[in-house]
Amino acid sequence: MMMMIRAIEILINMFILRANLLLPCTFLCWIILTTSFTVHVVLSKTDSRQVSALNDMYQYLKPHTKLDGWKSDGGNPCDESWQGIKCFGSDVTEIHLSGLGLTGSLGFQLDKLEKVTYFDVSKNNLKDNIPYQLPPHTQHLDLSGNQFSGTVPYSISQMANLKFLHLNHNKLSGSLSDMFGKLTKLTEMDLSYNSISGSLPQSLKSLSSLRKLHIQNNQFTGSINVLADLLLDDLNVANNQFNGWIPDELKDIKNLETGGNSWSSGPAPPPPPGQKVKPHTRKSEKESGMSGLAIAGILLGVLLLLGVIIALFSRRKRSSPSSHFHEEDKFGQHQPLTPLSSQELSSGVRANMHEDFRDSSSTTEKHLQTSSSMGLKHPASERHKSFNEKEMANAPPSDHLMSFKDKEFANPLNVKRSSSVKLAHYSLADLQNATGNFASSRLLGEGSIGRVYRAKYPDGRVLAVKKIDSSFFQDGQCTEFTEIVYKMSKFHHPNIAEVLGYCSEQGQNMLIFEFFRNGSLHEFLHVSDDFSKPLTWNTRVRIALGAARALEYLHEVCSPPYLHRNIRTANIVLDAELNPCLCECGLAMFHEHASKNLDAGYTAPECTKPSAYTLKSDVYSFGVVMLELLTGRKPFDSSKPRLEQYLVRWASPQLHDLDDLEKIADPALRGLYPPKSLSKFAEVTALCVQSEPEFRPHMSEVVQGLVRLVQRSNMSQREGLSASRRIDDDDDDYY
């Protein structure tokens, strides 16, 4: 750089000497100013946040010899020609590291690379999970040909500019969450050659720009009907576990691979009654296109035909009206009119008007189907049905599916599409039978807003029924309850317990959830019995990470953000593999009016009144949960000495010293934990339980810290499960 500046100076001096100092002063000034500007642009420092992100990335990538110019601290990537880095001005805009033989992982600060639009680290040997936070404005993301494990990160759902996504040839597993609602610019996606399972999410319908989709050689199940309306040119779903029928709309795709699945034989069944049959018109542009000459010929023929029609019509106007028109007029006057019933008007005409509007604006439909940032699922052709008190009074039989929606089509020209969610309705009699009339022996737990019961059915199904205290509903009104059920039905996240159904009869309001045989985290940590074994350290960290991701989803993905208000170990349930699911999401309004507080020790110090609760209050409560995982103690324990009764007060001063940490760590761990992992976990915990709300981190930062801990520890997905089990799967007495 100094050589370049020196060369510019020499050229200027030579120019001045040859001109014998006769150049006007203004011209000399122009040269000096221009030169100064050029030098300033060349010397502009790379944005410090972006440098920090690349420094962090460098520490995790190996070998360093492949990354010419990179540094672990400081530097100027845009000026020093770092390997694979391209800039515009002082911003890093592209990262090209494909095929360099790199190992390790990608670090944890990629979200700071806010100007990066092209990110390619394909064809290396990178391991561990894909970082939860990625460059947020990336258009081209290629992580293929590595050994990444874990799931497809949900943060991709927020990358609205993404056009190219390649995650193929890795070791990804788990299911795809409903994460595609905002990715309307995505044109190419390749998830092939992984171990991704589960059904295809409904939000795939939103990918209106998608032309190429490769998901072959995975473990997907269910149907591929969700892909029927996509305008694909290249589709490969081979070698999965799909079943059902291949939609007719997909059969004319030019490049289509469907082998290696369990497709049904014979003709596909007819569509459900009332559903419109879409014309089978899909053709590729080459097949359906016509040459310019043919189009010109057709246009010429149309023009000639129009000329003939106009001439004939003009002649007819000069003559007497045709008897044919008289007959038509007579027919129109005497045609009998059959009026529609009010029910047909509300559910038929308006639905058809909406269908007609939808057919005339397919692009708008694809956008409106996923206007909710929470992955709302609903079939496109469904007839919407209002949810009112009359229907609640005449509740259908158990498991009957009912539609919810925001508003009826009061204005047929209103573009906003109503949102519909299907939930099972359970009758009160049905739930009374399944719970032994809500017997105390079926009681699973009690919270500040009601009790939870176990419902067992003759066919072996077991569900959890949350019976909300009737004091929350005044004058028998169920309007608030239906609104809450509707909102809860829109939460879709792997670490959130989703509502399966509801019951609202005779003043009783209940929510139905999946039953988790391993119970709650509270039981694992604080209830000792003959079946339980202590949770291993790695399992505790993974439980914390899953619960943090659930809370991050509520706070930072949902729009508007949702306050939980009741984060505690009793509301974190564990599935058969000890994956956590957060309960009571969407019930904050009940907790605001709860007359009893069963959460001593979880409440943030600023929450002296209901209106004081904020998202940072949730973060504090989550920090208390992390303290429970760390120490094995309850948030408040009156049996302890007075100075040790409140967990936060007792533990907080000891979270920054390793010797103190080892003293307060849960004795059930028997010292089986990596000291550095324990220390990092304590650091994140200490940030969450700070007394000042403004100093507590956002949940996305908590997630980043825990992900970093997991990846540094190189924990496997199923590590420690054999040592942490509450019940035997074959023990039917547990029911």
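Two strands are taken to pair if DSSP finds at least two bridges between them, and strands (E, at least two residues), like helices (H or I, at least four), are DSSP runs numbered from the N terminus. The structure is a predicted model, in which local features need pLDDT of at least 70 and side-chain atom pairs count only at pLDDT 80 or more, while totals for chains, interfaces and linings use all residues. Residues are numbered from 1 along each chain as its sequence is written, and side-chain values use heavy atoms, with hydrogens and water left out.

Under the pairing rule, strand β12 (residues 219-222) and strand β14 (residues 241-244) pair in the parallel sense over 2 bridges, and Thr221 has Gln241 as its bridge partner in β14. Both strands belong to an open sheet of 4 strands with parallel pairing, arranged in the order β10-β12-β14-β16. The edges of this sheet are formed by β10 (197-198) and β16 (262-263), each of which pairs on one side only.

The link joins Cys78 and Cys87, whose sulfur atoms lie 2.1 Å apart, and with -85° about the S-S bond it is left-handed. On a scale where buried means under 20% relative accessible area, exposed over 50%, and partly exposed in between (1.4 Å probe, protein chains only), Cys78 is partly exposed at 23% and Cys87 is partly exposed at 31%. Cys558, in contrast, is buried at 4% relative accessibility, and its sulfur is too far for a bond, because the closest cysteine sulfur, in Cys585, is 8.8 Å away. Cys585 is likewise buried, with a relative accessible area of 4%, and the cysteine sulfur closest to that of Cys585 is in Cys583, at 7.4 Å, again too far for a bond.

Pockets were located on a 1 Å grid over the protein atoms alone, as open sets of points where a 1.4 Å probe fits, with protein on both sides within 12 Å along at least five of seven lines, and lining residues have an atom within 4 Å of a point. The second largest pocket holds about 1,300 Å³ of space, a volume being the space filled by probe spheres set on grid points joined across faces, edges and corners. Its lining comprises 46 residues, of which Thr151, Ser175, His493, Pro494 and Asn495 lie nearest the centre. The elements giving two or more residues to this lining are α14 (537-557) and β25 (580-582), and α14 gives the most, with 6 residues.

Technical notes. Disulfide = S-S within 2.5 Å.
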